[in-house]
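Here is a friendly briefing to read alongside the model. Please keep the viewer open as you go through the points.

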Protein chains: 2
Amino acid sequence: MTTREIPTRQRILDAALDLFGTRGVDSVSLDEIAREVGVRKQTVLYWFASKDELVDAVLETVAAELVVVIDAAVRSASDDPLERIDAVVRAVFRPAVRRPAMLGLMREMNRLPEAQADRLRHHVRPLVDRCIEYFSLEMDKGRLRRADPGLVAALAYATVTGIATEPEALRSVGWQPSAVGLRHLREELRGFLRAALTP
Amino acid sequence: MTTREIPTRQRILDAALDLFGTRGVDSVSLDEIAREVGVRKQTVLYWFASKDELVDAVLETVAAELVVVIDAAVRSASDDPLERIDAVVRAVFRPAVRRPAMLGLMREMNRLPEAQADRLRHHVRPLVDRCIEYFSLEMDKGRLRRADPGLVAALAYATVTGIATEPEALRSVGWQPSAVGLRHLREELRGFLRAALTP
DNA sequence: GGATATGTCTACCAAATGGTAGACAGCCTT
DNA sequence: AAGGCTGTCTACCATTTGGTAGACATATCC
């Protein structure tokens, strides 16, 4: 294996993300991941000492990517808070289009054993704090509807990710998770959030 | 086993709901359910031919209960659409307080294999249709913000259930799923939806 | 060129899982 | 009283799972 190719470890992480995301962490066996990568299970266990460790690594990857992408959106060009929020929404939806498994994994995050959930919170926490701070600021300026900034941030977050990770409700009304479907949805959501957040 | 006690079948359903909801369908074994009920695994398999069938039965129970409770809320006393929506929100949150596993199971609904998801949709579909019809009507009357009624219904639904089933985001801001925490949350959500849905 | 390190493999294993076969005890009907 | 039905049990089983031990090949360093 020459050093020019994608290293095995990375390929394992990629395959694991896709499989965990689409079918759930517990339903996917190491064997399956190994098969997907074209390697033996023991090779997976060589790079990650246990399945738990692999799960942690995948979650960290996702969390880190999300944090980066949302963070970039939060301090986007525009000064208008609603434009900023829309940028965040776009940022959350973008990975959904490019990589549907990402959304599944966000859903998986809510059903982790407490130990793993804790490690994850540690990553996301600073981001949440920053958002709350920002919301609070804009509320003081009167540019966002006055309310408990923490709860509003959580509500907005839960709304966006709830929509993103709960395709069931949306599919029931004929919506399809295609790129164009997502754009339509995002536009509707934009109006929804705009109305909910402005004074 | 006299007929006065709770029949085994029901006790199995109850235990399965709790376990599936809190720990996820795949992570719970038949043995575990049986142990919870105080019976052997083979007794579980006597009442439900396979694990799949048990899962189906549990989901049907939950779906049926949700449909009834939401349906009742939809045609609640008040004529004000926002009061009605609030009644629905209350209806969704009530089981959350009384039986946290219910929420977990609602989350599980989004990660079912396609066959089971289909059977479930069949239950929920009429309810969704009714909601869409209602939204459409109120929009015509100008009492709700004009928009694609299907998408708005889905958004509202996803918002509520997203919030209800995604405690992660809320716990990050110090919110706790206690009865009083839920009340506080519901009040904030009420304002949120009111703003988002009114013209 | 030989030693060492790295990465992947073959060969196992113990535990758990969903599921089957069939015994058996109590109840109901005749 | 006898035979059948119902509900639960004991005893297995094949498969899958996460994980271990150690062989083997290739590359790197001295």
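A phosphate oxygen of DNA strand D sits 2.7 Å from an N or O atom in the side chain of Thr43(B), in a predicted model. That is a polar contact, meaning a pair of N or O atoms within 3.5 Å; within protein, one must be able to donate a hydrogen and the other to accept it, and residues adjacent in sequence count only if both atoms are side-chain atoms. On DNA strand C, a phosphate oxygen is 2.7 Å from an N or O atom in the side chain of Thr43(A).

A word on conventions before the details. Because this is a predicted model, local features need pLDDT of at least 70 and side-chain atom pairs count only at pLDDT 80 or more, while totals for chains, interfaces and linings use all residues. Residues are numbered from 1 along each chain as its sequence is written, chains are lettered from A and ligands numbered from 1 in the order in which they are written, and side-chain values use heavy atoms, with hydrogens and water left out.

**Around DNA strand D**

- DNA strand D is surrounded by 15 residues, and the closest are Lys41(A), Thr8(B), Gln42(B), Thr43(B) and Trp47(B); a residue is near a strand if one of its heavy atoms lies within 4 Å of it.
- Sugar or phosphate accounts for 55% of the atoms of DNA strand D within 4 Å of the protein, and bases account for the rest.
- Helices here are DSSP runs of H or I with at least four residues, strands are runs of E with at least two, and both are numbered from the N terminus.
- By class, the surface near DNA strand D holds 6 nonpolar, 6 polar and 3 charged residues. Ala, Val, Leu, Ile, Met, Phe, Trp, Tyr, Cys and Pro count as nonpolar, Asp, Glu, Lys and Arg as charged, and the others, Gly among them, as polar.

**Around DNA strand C**

- DNA strand C also has 15 residues around it, with Thr8(A), Gln42(A), Thr43(A), Trp47(A) and Lys41(B) the closest.
- Tyr46(A) places a polar side-chain atom 3.1 Å from a phosphate oxygen of DNA strand C.
- A base oxygen of DNA strand C lies 3.4 Å from a polar side-chain atom of Gln42(B).
- For this surface, α3(A) gives the most, with 4 residues.
- The residues near DNA strand C divide into 6 nonpolar, 6 polar and 3 charged.

**How the two chains relate**

- The same surface serves both copies, as 100% of the contact residues of chain B recur in chain A; contact means heavy atoms within 4.5 Å.

**Chain A overall**

- Chain A has 10 helices and 0 strands.
- Its C-alpha trace spans about 60 × 35 × 35 Å along the principal axes.
- Of the 199 residues in chain A, 52% are buried, where buried means under 20% relative accessible area, exposed over 50%, and partly exposed in between (1.4 Å probe, protein chains only).
- Among contacts in chain A between residues at least 6 apart in sequence, 64% join residues at least 24 apart.

**Two places to look in chain B**

- Helix α8 (residues 149–165) of chain B is largely enclosed by the rest of the structure, because 16 of its 17 residues are buried.
- At the start of α8(B), a side-chain oxygen of Asp148(B) comes within 2.9 Å of the backbone nitrogen of Gly150(B).
- Glu83(B) lies in helix α5 (residues 81–98) of chain B and counts as partly exposed at 29% relative accessibility.
- Leaving aside residues up to four places away in sequence, Glu83(B) touches Ser78(B), Arg190(B) and Arg194(B), and a polar contact of 3.0 Å joins the side chains of Glu83(B) and Arg190(B).
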